[in-house]
Amino acid sequence: MSLSQVSRIVLVGFMGAGKTSVGRALAERLDWLFADVDDAIEEEMDASVADIFERFGEGRFRDLEERKAMELLSGDEVVLATGGGWAARPGRLESLPAGTVSVWLEVGPREAVRRAEGQAGKRPLLDVGDPITTARELLSARARHYARATCRVDTEGRSVDDVTSRILEILGTHGLETHPE
Ligand code: S3P
């Protein structure tokens with residue numbers, strides 16, 4: 001499958017990986033729609049992610065996240081930015097609709113926390129005593145799930161434009177042959 005046969009691109013990875021910024025830039029370059037699962041949930045619930053966690057619990061947020069992502073993946077020519085926990089469930093990346101590629105945007109725990117600063121309303125899981133330790137633990141538990149993505153791009157030290165170009169280059173030149181592991 002080459003980029004011309006791809007109808008959806010799903011960005012996965014840890015908090016602060018740049019899924020939303022890169023997703024927006026990618027959609028613009030492709031002239032596709034951009035959707036963000038967290039934004040769609042916040043809009044539907046008329047509440048921030050942190051409020052949803054606090055009022056209804058993480059379990060309810062995960063249910064909403066699953067439903068919203070499926071809903072947004074029913075369209076074509078869409079770039080979808082998921083929340084960091086979405087792909088960290090077994091089977092998520094294996095059950096994407098045909099014509100969908102997934103891209104793992106990699107970021108280390110320290111950089112993730114640095115980028116997440118000032119956005120506590122969206123990332124209650126990092127709103128703890130030592131966010132770097134939490135990020136390190138969460139990331140090490142999740143990495144094997146993210147690694148199921150079709151391809152991966154390291155985002156550290158790279159601008160949104162660089163990461164976007166890299167994704168287009170990978171998908172354009174190698175198609176899906178870049179599947180890791
Ligand atoms: C989460 C990541 C957040 C948001 C929620 C939970 C996670 O999205 O969905 O706070 O479990 O990693 P971002 O990855 O966009 O920060």
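Trainee: How are H5 and H6 oriented relative to each other, parallel or oblique?

Mentor: Start with the axes, which are lines fitted to C-alpha atoms over the stretch in contact, with angles from 0 to 180 degrees between N-to-C directions. Angles under 35 degrees count as roughly parallel, over 145 as roughly antiparallel, 65 to 115 as roughly perpendicular and the rest as oblique. Here the axes of H5 (residues 109–116) and H6 (residues 131–146) come within 8 Å and cross at roughly 125°, so the two helices are oblique to each other. By the way, this is a predicted model: local features need pLDDT of at least 70, side-chain atom pairs count only at pLDDT 80 or more, and totals for chains, interfaces and linings use all residues. Residues are numbered from 1 along each chain as its sequence is written, and side-chain values use heavy atoms, with hydrogens and water left out.

Trainee: Which residues of H5 and H6 meet?

Mentor: Contact means heavy atoms within 4.5 Å. On the H5 side you have Pro109, Arg110 and Val113; they meet Pro131, Ile132, Ala135, Arg136 and Leu139 in H6.

Trainee: Moving to H2, which of its residues are buried?

Mentor: Buried means under 20% relative accessible area, exposed over 50%, partly exposed in between (1.4 Å probe, protein chains only). In H2 (residues 37–45), Val37, Asp38, Ala40 and Ile41 are buried. Looking down the axis of H2, these buried residues fall within an arc of 165° (taken from the directions from the helix axis to the C-beta atoms), so they line one face of the helix.

Trainee: What do the buried residues of H2 pack against?

Mentor: Strands E2 (33–36) and E3 (78–81), plus helices H3 (49–56) and H4 (58–72). Helices (H or I, at least four residues) and strands (E, at least two) are DSSP runs, numbered from the N terminus.

Trainee: At what angle do H2 and H3 cross?

Mentor: Roughly 60°, with the axes coming within 9 Å, so that pair is oblique. Asp38, Ile41, Glu42 and Met45 in H2 meet Val49, Ile52 and Phe56 in H3.

Trainee: And valine 22, is that residue buried or exposed?

Mentor: Valine 22 counts as buried, because its relative accessibility is 2%. It sits in helix H1 (residues 19–30). Leaving aside residues up to four places away in sequence, valine 22 touches Leu11, Leu105, Val160, Val163, Thr164 and Ile167. The C-alpha atoms of valine 22 and valine 163 are separated by 7.0 Å, though the two residues are 141 apart along the chain.
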